[in-house]
Amino acid sequence: MDADFDFAIVGAGSTGTSIAYYLRRFGTRVLLLDQRGIAGGNTSKSSALIRTHYSNELIAAMAKYSFDVISNFDSIGFSGFHQPGMFFPFDEDYRETAMENVEMLRRLGIEEVEIPPENIRTYFPGTKLDGFDYVIFEPHSGYADPVAVSNSFAEAARKEGVKIVPGKEVNRVESGRGGNKLHMGDGSTISSKKVILATNVWTNKLLGDSGVSRDRLLPITASLHSVIYLRRPELYQGEKPILWDPPNLAYYKMEGTSLLALGSLDPEIDNRPVDIYSNLPEAAEYDYIEDYVARLIDRIPGMGGATVVSSVTGLYDMTPDGQAIISPLDYLGFDDVYVCAGLSGHGFKLSPAYGLITSEMVTGIDPERARFDWRNFSPARFREGRLLASRYSKIGTIY
Ligand SMILES: Cc1cc2nc3c(=O)[nH]c(=O)nc-3n(C[C@H](O)[C@H](O)[C@H](O)COP(=O)(O)OP(=O)(O)OC[C@H]3O[C@@H](n4cnc5c(N)ncnc54)[C@H](O)[C@@H]3O)c2cc1C
């Protein structure tokens, strides 16, 4: 079969655009398409926190690699990266685990600074310190603009000839001898030697519609997450670090000089599946706002003077261990169809690593010579008990 493309990437969020960027040397042989537009899915809802503090060594190494890309982004485009730093407080029970983790991160060349808990009050006067017994500060961490990063990846790929087609839905993938066919929502077909699904929570719908039986779908469920934006009281304005609050299962992202994005670290929310085709709310529900604002005020009572400005909701594509599935799908009967999905709500900061790993996988690099061995991300790990474990499994979704 004389295919239209060598690589067709379905999904143009932070994952698909990064993959397109890493495949850009194949120029016009690469297609990137999306039923919406660039970053029109969950990427646009992201808090886009960028940190290297992870508790699984492989993921931490990927976070460091990705951090280096996003913090030196000028040759690719604009990332909107801000670097106010991030506090990671732990309670006494977790001190030893966190200290071991800090050692691991330092071995990877990641800067982790132990600070006296009361230093948090320099930035956030009046902060209650219960459960904040051992505090790590990552001075290089911060947040970026996920839409700008995705557009930059896409534009850098487009400049090398990669074809980008927004507004086109793939209804079905047909795997055949010598290539694959994408059956499009408008009735047309596109042929490609290889197909890469970067389709987040929509992955199983596409696989199901392509003939995969229900019991063989990927272990990816969707959960609904809200982020509340507040205007900080005057005392707390200015550029300030991001604060994680594991005891209250919340994070407080100080955005710009006056906003605060209030998000959840609650694994119960992650593990509560929703039907993505039901009528999901587009803003945070009132009870949720009340609950999370109360957690913020419990930690920093002076934030009682903050005003709610807006909220967003988005979906996490959860897997059982909270890490991505990056794999060929030959075991499901698809030759040369690959997936990078199931990012479990922390996939923006890792998007450069996902792009690199997926591009190495689909171009046939020996996994043992690859920068990161993608076999670690195979769905077989769930059957075989090789989960990508987190040291921090009991203190919220820090991984
Ligand atoms: C509220 C919230 C807060 C978050 N905060 C953080 C954070 O602080 N830090 C962090 O690192 N991560 C965070 N994340 C997670 C991170 O944003 C995501 O993991 C990542 O951006 C997902 O990118 P993606 O490209 O895989 O998915 P998406 O952005 O959802 O892109 C998938 C794309 O596939 C397209 N698509 C699907 N099916 C088809 C089809 N059949 N045909 C054509 N196109 C199709 C969709 O239109 C969509 O554009 C957050 C996520 C949310 C929702």
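Modeller: Before we start, one term: two residues are in contact if their C-beta atoms, placed from the backbone, lie within 7 Å. Also keep in mind that this is a predicted model.

Colleague: How far apart are the end C-alpha atoms of α2?

Modeller: They are 20 Å apart. The helix has 14 residues, 57–70, so at 1.5 Å a residue it should span 20 Å, which agrees.

Colleague: Nice. Let's zoom out: how many helices and strands does the protein chain have?

Modeller: There are 10 helices and 18 strands. As for burial, 47% of the 399 residues count as buried.

Colleague: What does the radius of gyration come to?

Modeller: The protein chain has 21 Å. A compact globule with 399 residues would have a value near 21 Å, so the two agree. Along its principal axes, the C-alpha trace spans about 70 × 45 × 45 Å.

Colleague: Into which domains is the protein chain divided?

Modeller: Domain 1 is made of 5–45 + 147–220 + 321–384, and domain 2 of 83–141 + 221–318. Their centres, taken over C-alpha atoms, are separated by 30 Å.

Colleague: How many residues does each domain bring to the contact?

Modeller: Domain 1 brings 11 residues and domain 2 brings 12. On the side of domain 1 that touches domain 2, the residues divide into 4 nonpolar, 6 polar and 1 charged.

Colleague: Now the ligand. Where does it lie relative to domain 1 and domain 2?

Modeller: It lies between them, because both domains give residues to the shell around the ligand.

Colleague: Which residues come nearest to the ligand?

Modeller: Of the 39 residues around it, Gly11, Gly13, Gly41, Gly314 and Gly347 come nearest. The elements that give two or more residues to the shell are α1 (14–22), β2 (30–34), β12 (221–231) and β16 (307–318).

Colleague: How many of the shell residues are nonpolar, polar or charged?

Modeller: The shell has 15 nonpolar, 19 polar and 5 charged residues.

Colleague: Let's pick a residue in α1, say Thr15. Is Thr15 buried or exposed?

Modeller: Thr15 counts as buried, because it has 33 C-beta neighbours inside 10 Å, and 20 or more make a residue buried.

Colleague: Leaving aside neighbours within four places in sequence, which residues is Thr15 in contact with?

Modeller: Apart from those neighbours, Thr15 is in contact with Ala198, Cys340, Leu343, Gly347, Ser351 and Tyr354. Its C-alpha atom is also 6.5 Å from that of Gly355, although Thr15 and Gly355 are 340 residues apart along the chain.

Colleague: So what share of the contacts between residues at least 6 apart join residues at least 24 apart?

Modeller: In the protein chain, that share is 74%.

Colleague: Last topic: backbone angles. What is phi of Asn200 near?

Modeller: Phi of Asn200 is near 45°, a positive value in a residue other than glycine. Asn200 lies in the loop between β11 (189–197) and α6 (203–209), and it counts as buried because it has 26 C-beta neighbours inside 10 Å.

Colleague: And Tyr399, what is its phi?

Modeller: Tyr399 has a positive phi too, of about 65°, although it is not a glycine. Tyr399 is placed in the segment after α10 (380–384). With 22 C-beta neighbours inside 10 Å, Tyr399 counts as buried.

Notes. Residues numbered from 1 in each chain as written. Predicted model: local features only at pLDDT ≥ 70, side-chain atom pairs only at ≥ 80, totals over all residues. Near = placed C-beta within 6 Å. Helix = DSSP H or I, 4+ residues; strand = E, 2+ residues; numbered from the N terminus. Nonpolar A, V, L, I, M, F, W, Y, C, P; charged D, E, K, R; others polar. Domains from an automatic or database assignment. Expected span 1.5 Å × (residues − 1). Rg over C-alpha atoms; globule rule 2.2 N^0.38 Å. Buried ≥ 20, exposed ≤ 12 C-beta atoms within 10 Å, placed from the backbone.
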